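The sequence and the model come first.

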Amino acid sequence: MKRRFYFLCLFGCLLAASGWPQKKMTANEYITKYSPLAIESMEEFGIPASIKMAQALVESQNGNSRLAQEANNHFGIKCKSDWQGATIKHDDDAPDECFRRYQDVYDSYADHSYFLSNSDRYRSLFELDPTDYTGWANGLAQAGYATNPNYADMLINTIETYKLYELDRKVVQNELPQPQTTTVTTTVTTTTTETHSHSAVDPSYEYVGPRILDNEYAVLRQGRMPIYVNNNTRFVIAEEGDTFDSIAQRMRIGLYKLLSFNDMVNNPQQIRAGSIVYISPKKKKSLNGIVSHLVSKGETLHFVSQKYGIRLDRLARMNYMDVGYQIKPGQRIRLR
């Protein structure tokens, strides 16, 4: 029995060494496996999940290309002058071109998001409707993402063949459960009556988040509201009269999701003009080299969480506190 097992193992090794063809991943298998990463990217960066998935399918040949297999590079991103990570040589438009190598597939998806969102060439795409996959496909091609003259058609055909536009709808329609709402009836001057749905916000309690000036952070992109970045997390600055509801509608984000990004699902509040309001998930720790915060009078743990773009539960855990713990002036709060 042992000898038979030995020969089976030896036969398997010989097959692998001889280059015997391995089972390739199908497009549907790839979509099932990696679409959650595309959805996460749309929620955090605003890149349509359909576009993300289509680019990955085309560029990585359903995850079967050499770059995908040997370098976890699923978007065909070349090194560029600012890349300081691992690399791999691969023939593309010219022999032995430099491509980025990633530790895992997640890093490839994340870097693709940073690559698009931080480049002036693609900035106008973020002004498009999040479900406008044809606009995105044509924009990517016009901006020179790929040299293939049929690149836009390839993306559009892939999206429509596999109905990837349904991923965009899932994000936009926000299928997460919504917080409790109350219905308020108001009478306007024309003597007609209108019914509006508002989130259950305590009007007497105002959210006092970190207030900033427009020039304190670089603008990631202009749009319905200028979008800024803090700790690799996108945010907007509340304007006079803004509520979480109005910002959610303006940024086309579900209200529940916006509240969760700002750790306010269980305690929604009014917003003071000038406060940071995150429109993507905060990070687990400080990523910009700042390691601690000295508490000033009146600050709360939630205030620190918003100031540095760190999830409230992670910040509390790092400092061995409950999320509702009342921090004190002079106390030092760990940020990583």
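## Crossing of α3 and α5

Helix α3 (residues 49-60) and helix α5 (residues 105-117) have axes that come within 12 Å and cross at roughly 115°. Axes here are lines fitted to C-alpha atoms, for helices over the stretch in contact, with angles from 0 to 180 degrees between N-to-C directions. Helices (H or I, at least four residues) and strands (E, at least two) are DSSP runs numbered from the N terminus. The crossing of α3 past α5 is right-handed; a crossing is given that hand if the near helix is turned clockwise from the far one by less than a right angle, and is left-handed if anticlockwise.

On the α3 side the contact (heavy atoms within 4.5 Å) is made by Lys52, Met53, Gln55 and Ala56, and on the α5 side by Tyr109, His112, Ser113 and Leu116. Four of these residues are nonpolar, three polar and one charged. In this scheme Ala, Val, Leu, Ile, Met, Phe, Trp, Tyr, Cys and Pro are nonpolar, Asp, Glu, Lys and Arg are charged, and the others, Gly among them, are polar.

## Basis of the model

The model is predicted: local features need pLDDT of at least 70, side-chain atom pairs count only at pLDDT 80 or more, and totals for chains, interfaces and linings use all residues. Residues are numbered from 1 along each chain as its sequence is written, and side-chain values use heavy atoms, with hydrogens and water left out.

## Buried side of α7

In helix α7 (residues 151-161), the buried residues (under 20% relative accessible area; exposed is over 50%, partly exposed in between; 1.4 Å probe, protein chains only) are Tyr151, Ala152, Leu155, Ile156, Thr158 and Ile159. They lie on the same side of α7 because they cover an arc of only 160° around the axis, the arc being that of the directions from the helix axis to the C-beta atoms. An α-helix has 3.6 residues a turn, so residues three or four places apart point the same way.

The cover over the buried residues of α7 includes α3, α6 (133-142) and α8 (165-172).

## The disulfide

There is one disulfide in the structure, defined as a pair of cysteine sulfur atoms within 2.5 Å. Cys79 and Cys98 form it, with their sulfur atoms 1.9 Å apart. The torsion about their S-S bond is about -70°, so the disulfide is left-handed.

Cys79 lies in the loop between α4 (66-71) and β1 (87-90), and Cys98 in strand β2 (residues 97-100), so the pair ties together parts 19 residues apart in sequence. Cys79 is buried at 7% relative accessible area, whereas Cys98, at 24%, is partly exposed.

## The β10-β11 loop

Ser286 lies in the loop between β10 (276-278) and β11 (292-294) and is buried, at 1% relative accessibility. Leaving aside residues up to four places away in sequence, Ser286 touches Asn231, Ile310, Leu335 and Arg336.

Lys284 lies in the loop between β10 and β11 and is partly exposed at 49%. With residues up to four places away again left out, Lys284 touches Ile310, Arg311, Arg314 and Met318. Lys284 and Arg311 are 27 residues apart in sequence, with 5.7 Å between their C-alpha atoms.

## Positive phi in loops

Most residues other than glycine have a negative phi. Asn232, not a glycine, has a positive phi of about 60°; its place is in the loop between β7 (227-230) and β8 (233-237), and Asn232 is partly exposed at 38% relative accessible area.

Tyr320, also not a glycine, has a positive phi of about 55°. Tyr320 is found in the loop between α12 (312-318) and β12 (332-334) and is exposed, at 77% relative accessibility.
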